[in-house]
Amino acid sequence: MRRRTLTRTVVLSALLGSLLLSPAAVAASARAGSAPSASPTGAARWTGATDPGPGVEALRRALAELPDDDVSAALIRVGGDVEWRGTAGVRDRRTGAPALSHARFRAGSTTKTVTAALVLSLVEEGRIDLDAPITRYLPRLLPESFGEPPTVRHLLTYTSGLRAGDGLGSTPEESYATRFVTLTPERVVASAVAKGPEHPPGERQEYRNIHYTVLGLLIEAVTGESYADEAEARIFRPLGMRHTGFPAGPDPRVHGPHHRAYADIDGRTTDVTEWNMSDRWAAGDMISTTADLETFVLALFGGRVVSEELVDQMLTVPDLPRDPDATYGMAWERHTIGDRVVWGKTGSRPGCHTVVGATRDLSRTVVYSVTAKSAREDGYPLLARFALPAFED
């Protein structure tokens, strides 16, 4: 569910909700000053500031509740003027093995932040013009009857007017049944283009994967290399993000240490860890860790991926007279949390929810991965529980 403004009231509600714990959970949080070792039941483990403030205290209490009926595990990293790490829950509901702080996971739509950075790196090199029509680089993308082509900037800010492409099911049950089917990005884009534009470019903002799927094709057309190789060469390798990458084509597995993911399918808790996500590609196919995503946001906002000027453009919501409530810049969404403006991006795949958020000056950052059955239905309760308190002092 899309939330345009997150007020202090919402955050305080999350804090108050986290106080309603069982005696066992309260006892667990009282031991937070030390660094308890993992237990077979997945007790919380934390390190960092000795006086972190009420926000981190709320996160500690939230972790002390895990695992529960919905959430199997949560990995949280808070940075900036407060440094704190928390891990809780189990990596496998069947065995009860404790959660891993270094687990790899499907990062979902946080992939879009990498795609936007790749495009801007090519802008910085003079190989892409933000205000050029996409057909300058992909001349066969749109038929002449399509109308005005969107610019690269329109695609980055979700204002292209393109309709959503075809998928592999509209319900969890339909999607699960086709989880090993391959739907290529080219087919997704072709199906979207065939539907015609929903509105003229720049008229309003519609958050959809299709914008970033086309941007993936743009990156490949301009560089002559695969999207995954460009991400590795321009971002992952230079920043030391050794545990971040993309599956090999339709490979449905998460390689390396990871947690099992679960979803409710036909009313039953079902393991959904193995899933071919190749149709999400440049819009949502990345696999990463919380440490690597923290490294990325620090480098990006710090001007070490693209120039500060381009970062500022990335973090600017377009002025849309017909959509005054727009909240997205390029990939990142603007939120107001208390007195802070926070730029964030969520990502959800079956059984896994990811959040990356930061203030522009990096005075406070948060990254989390939560393994939860509710990850695809509505991630906002997870966000309120495991991320928003990090921005409270």
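These entries cover a serine in a loop, a pair of strands and the nonpolar cores.

**Entry 1: S109.** Before anything else, I note that this is a predicted model. I started at S109 and found it in the loop between β4 (105-106) and α4 (111-124). Is S109 buried or exposed? Its relative accessibility is 10%, and since buried means under 20%, S109 counts as buried.

Next I asked which residues S109 touches, leaving aside neighbours within four places in sequence. I got Y207, N209, A283, G284, K345, T346, G347 and S348. With Y207 there is also a polar contact, side chain to side chain, at 3.1 Å. I checked W281 too: it sits 172 residues from S109 in sequence, yet their C-alpha atoms are 9.7 Å apart.

**Entry 2: β2 and β3.** I moved on to strand β2 (residues 71-80), which runs antiparallel to β3 and is joined to it by 6 bridges. The link from β2 to β3 is a hairpin through 3 residues. I then looked at burial: 5 of the 6 residues of β3 (residues 84-89) are buried, so the rest of the structure largely encloses this strand.

**Entry 3: the cores.** How many residues does the largest nonpolar core have? I read 73, and V152, L156, L218, I235 and W332 have the most contacts inside it. A second, separate core has 28 residues, including V342, Y368, L388 and F391. Back in the largest core, I picked L218. Not counting residues up to four places away in sequence, L218 touches V119, I128, I134, Y137, L138 and V152.

Conventions. Residues are numbered from 1 along each chain as its sequence is written. This is a predicted model: local features need pLDDT of at least 70, side-chain atom pairs count only at pLDDT 80 or more; totals for chains, interfaces and linings use all residues. Side-chain values use heavy atoms; hydrogens and water are left out. Helices (H or I, at least four residues) and strands (E, at least two) are DSSP runs, numbered from the N terminus. Buried means under 20% relative accessible area, exposed over 50%, partly exposed in between (1.4 Å probe, protein chains only). Contact means heavy atoms within 4.5 Å. A polar contact is a pair of N or O atoms within 3.5 Å; within protein, one must be able to donate a hydrogen and the other to accept it, and residues adjacent in sequence count only if both atoms are side-chain atoms. Two strands pair if DSSP finds at least two bridges between them. A nonpolar core is a set of buried Ala, Val, Leu, Ile, Met, Phe, Trp, Tyr and Cys residues joined through side-chain atoms within 4.5 Å.
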